[in-house]
Amino acid sequence: MEKPHTLLIVEDEILTAISLKSGLEDAGYQVMDLTSRPGEAMAAARECNPDLALVNIKLYGRNDGIALAVELKAIGVPVVFISGQPRRATAARSVAVGSLAKPYSVDDMVAAVAYLLARLAGDASQPCPKDLQVFDEDLPEVA
């Protein structure tokens with residue numbers, strides 16, 4: 001049996017985070033402990049090396065999510081922004097593989113994660129979910 005993909009969720013809205021974790025686990029993903037703090041997220045990422053990090057830009061009133069994405073990218077963890085700030089996400093496109101703007105459903109996130117993980121693995125056979133903004137330069141070229 002293939003090992004499930006591991007995800008890191010960094011979100012300061014606890015109900016959103018719990019809902020995402022539950023939906024993603026139901027879809028077969030392994031979700032690391034939830035965190036809303038960049039320091040905790042980096043420690044977890046270094047320990048478990050997730051396949052993808054879902055990062056909110058605004059964490060506890062500050063825009064730490066972009067700085068966190070820079071750090072995660074530096075250790076090889078791809079980031080998708082999950083934020084109500086799509087302009088900020090687009091402006092920070094060099095540190096993420098994509099962005100899914102709030103509000104989104106759990107089904108939207110499951111589809112976005114599946115698509116991005118496939119693309120990161122070089123598989124472009126899936127259609128891109130309609131609300132997912134993909135920053136193509138950060139994904140491998142596919143035939």
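Tutor: Start with two helices, H1 (residues 14–26) and H5 (residues 106–120). They pack at an angle of about 55 degrees, and their axes are 9 Å apart. That makes H1 oblique to H5. An axis here is a line fitted to C-alpha atoms, for helices over the stretch in contact, and angles run from 0 to 180 degrees between N-to-C directions. Helices (H or I, at least four residues) and strands (E, at least two) are DSSP runs, numbered from the N terminus.

The crossing of H1 and H5 is right-handed. Right-handed means that the near helix is turned clockwise from the far one by less than a right angle, and left-handed means anticlockwise. On the H1 side, the contact uses Ser-19, Leu-20, Gly-23 and Leu-24; on the H5 side, it uses Val-106, Met-109, Val-110 and Val-113. Contact means heavy atoms within 4.5 Å. By class, the H1 and H5 contact has six nonpolar residues, two polar and no charged. Nonpolar covers Ala, Val, Leu, Ile, Met, Phe, Trp, Tyr, Cys and Pro; charged covers Asp, Glu, Lys and Arg; the others, Gly among them, are polar. Spacing along a helix is worth a thought here. An α-helix has 3.6 residues a turn, so residues three or four places apart point the same way.

A word on the source. This is a predicted model, where local features need pLDDT of at least 70 and side-chain atom pairs count only at pLDDT 80 or more, while totals for chains, interfaces and linings use all residues. Residues are numbered from 1 along each chain as its sequence is written, and side-chain values use heavy atoms, with hydrogens and water left out.

H2 (residues 38–48) and H3 (residues 64–74) have axes that come within 10 Å and cross at roughly 20 degrees. H2 and H3 are therefore roughly parallel to each other. Their crossing is right-handed. Pro-38, Ala-41, Met-42 and Ala-45 of H2 meet Asp-64, Leu-68, Glu-71 and Leu-72 of H3. This contact of H2 with H3 holds six nonpolar residues, no polar ones and two charged ones.

Stay with H3. Its buried residues are Asp-64, Gly-65, Ile-66, Leu-68, Ala-69 and Leu-72. Buried means under 20% relative accessible area, exposed over 50%, and partly exposed in between (1.4 Å probe, protein chains only). Their cover includes strand E1 (6–10), H2, strand E3 (52–55), strand E4 (79–83) and helix H4 (86–91). Asp-64 counts as buried at 13% relative accessibility. Beyond its neighbours within four places in sequence, Asp-64 is in contact with Pro-38, Ile-57 and Leu-59. After H3 comes Gly-76, whose phi is positive, near 90 degrees.

Next, look at what leads into H2. Thr-35 sits in the loop between strand E2 (30–31) and H2. Thr-35 is buried, with a relative accessible area of 7%. A polar atom of the Thr-35 side chain lies 3.2 Å from the backbone nitrogen of Arg-37. That side chain also makes a polar contact with the side chain of Glu-40, at 2.6 Å. A polar contact is a pair of N or O atoms within 3.5 Å; within protein, one must be able to donate a hydrogen and the other to accept it, and residues adjacent in sequence count only if both atoms are side-chain atoms. Setting aside neighbours within four places in sequence, Thr-35 touches Leu-8, Ile-9, Val-10, Glu-11, Glu-40 and Ala-41.

Asp-33 lies in that loop between E2 and H2 too. Asp-33 is exposed, with a relative accessible area of 66%. Its C-alpha is separated by 7.5 Å from that of Leu-8, 25 residues apart along the chain.

Two backbone details remain. Most residues other than glycine have a negative phi, and most peptide bonds are trans. Asn-49, in the loop between H2 and E3, has a positive phi near 45 degrees. A cis peptide bond joins Lys-102 and Pro-103, with omega about 0 degrees. Pro-103 is placed in the loop between E5 and H5.

Note on methods:
Parallel < 35°, antiparallel > 145°, perpendicular 65-115°, else oblique.
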